Amino acid sequence: MQKKYLTIYEDLVKKIQANVWPVSTMLPSENELTDHYRTSRETIRKALNLLSQNGYIQKIRGKGSVVIDFNKFSFPVSGIESYTELTEKLQFNSRTTVEKLGYLDSENELTEILNSNSNAIWNVVRVREISGEKIILDKDYFNEKYVPLLSKEICERSIYDYIENELGLVIGFAQKEIVVEEPTEEDRKLLDLEGFSNVVVIRSHVYLDDANLFQFTESRHRPDKFKFVDFARRVKN
């Protein structure tokens, strides 16, 4: 049986999507929602926390919860999460198509980036489709020294799950840059970009916990569907 806060969360999502509470309006108070759903305040808070995490509301201290533009998905800038982990957490209706799986040519600048002069480099190109729209192009490159075998099935599910749970490796940290670029021919061929003149590109160098670089990735996003979020704390000298 599904937990009650999830049932309430799903009902609130349906109402937000149906414009019962338009963007920039306030949800009913916690007390009003508690009475409406005949449940505890703690259960309502769990449902509201899930709405906040998934980008439907913004909590304002002392005022309540305001509805925000749910058509933009919140992707964390810091932290390392696989696409599969994100879509499961955000409950997206998602599909992955593997467009390319193979080795790069030996003479490639990524050979030097990944320190793989004596090892092959895996090249994986995947299209991410959310709610029927192709809006992310992921281009991943792995040093074969650390990732010796990849299959289409692994790439369709989760490469990180395979790396951590089957290969037993520990992913440590990543260095990222975010830029806005004009779409390439490949972007326009594989993504639904009609009417869009830019893509948001996140390039990441990903390291194992022993500080060995094992992956370079380039994730190309249609700009209208994403907001990239982070948490920052001011530190005074």
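How do the axes of helix 1 and helix 3 cross, and within what distance do they come? Good morning, colleagues; I shall answer that after a brief orientation.

The model is a predicted one, in which local features need pLDDT of at least 70, side-chain atom pairs count only at pLDDT 80 or more, and totals for chains, interfaces and linings use all residues. Residues are numbered from 1 along each chain as its sequence is written, and side-chain values use heavy atoms, with hydrogens and water left out.

The chain contains eight helices and 10 strands; these are DSSP runs numbered from the N terminus, helices being H or I of at least four residues and strands E of at least two. Its C-alpha trace spans about 65 × 50 × 40 Å along the principal axes. Of the 237 residues, 42% are buried (buried means under 20% relative accessible area, exposed over 50%, partly exposed in between, with a 1.4 Å probe and protein chains only). Taking contacts between residues at least 6 apart in sequence, 59% join residues at least 24 apart, where contact means heavy atoms within 4.5 Å.

I return to the opening question. Helix 1, residues 4-17, and helix 3, residues 41-53, have axes that come within 8 Å and cross at roughly 50°. Axes here are lines fitted to C-alpha atoms, for helices over the stretch in contact, and angles run from 0 to 180 degrees between N-to-C directions. The two helices are therefore oblique to each other (angles under 35 degrees count as roughly parallel, over 145 as roughly antiparallel, 65 to 115 as roughly perpendicular and the rest as oblique). On the side of helix 1 the contact is made by K4, Y5, L6, I8, Y9, L12, V13 and I16, and on the side of helix 3 by T43, I44, K46, A47, L48, L50 and L51. By class, these residues are 12 nonpolar, one polar and two charged; Ala, Val, Leu, Ile, Met, Phe, Trp, Tyr, Cys and Pro count as nonpolar, Asp, Glu, Lys and Arg as charged, and the others, Gly among them, as polar.

Next, helix 2, residues 30-37. Which of its residues are buried? They are L33, T34 and Y37. Seen down the helix axis, these buried residues fall within an arc of 105°, so they line one face of helix 2; the arc is that of the directions from the helix axis to the C-beta atoms. Their cover includes helix 1 and helix 3.

Helix 2 also packs against helix 3 at an angle of about 110°, with the axes 9 Å apart. That makes helix 2 roughly perpendicular to helix 3. In this contact, E30, N31, L33, T34 and Y37 of helix 2 meet R41, I44, R45 and L48 of helix 3.

Let me turn to the loops. Most residues other than glycine have a negative phi. R38, in the loop between helix 2 and helix 3, has a positive phi near 50° and is exposed, with a relative accessible area of 75%. N19, in the loop between helix 1 and helix 2, likewise has a positive phi, near 70°.

Finally, P148 is found in the loop between strand 6 (133-143) and helix 6 (152-157). At 45% relative accessibility, P148 counts as partly exposed. Leaving aside neighbours within four places in sequence, P148 is in contact with W122 and L167.
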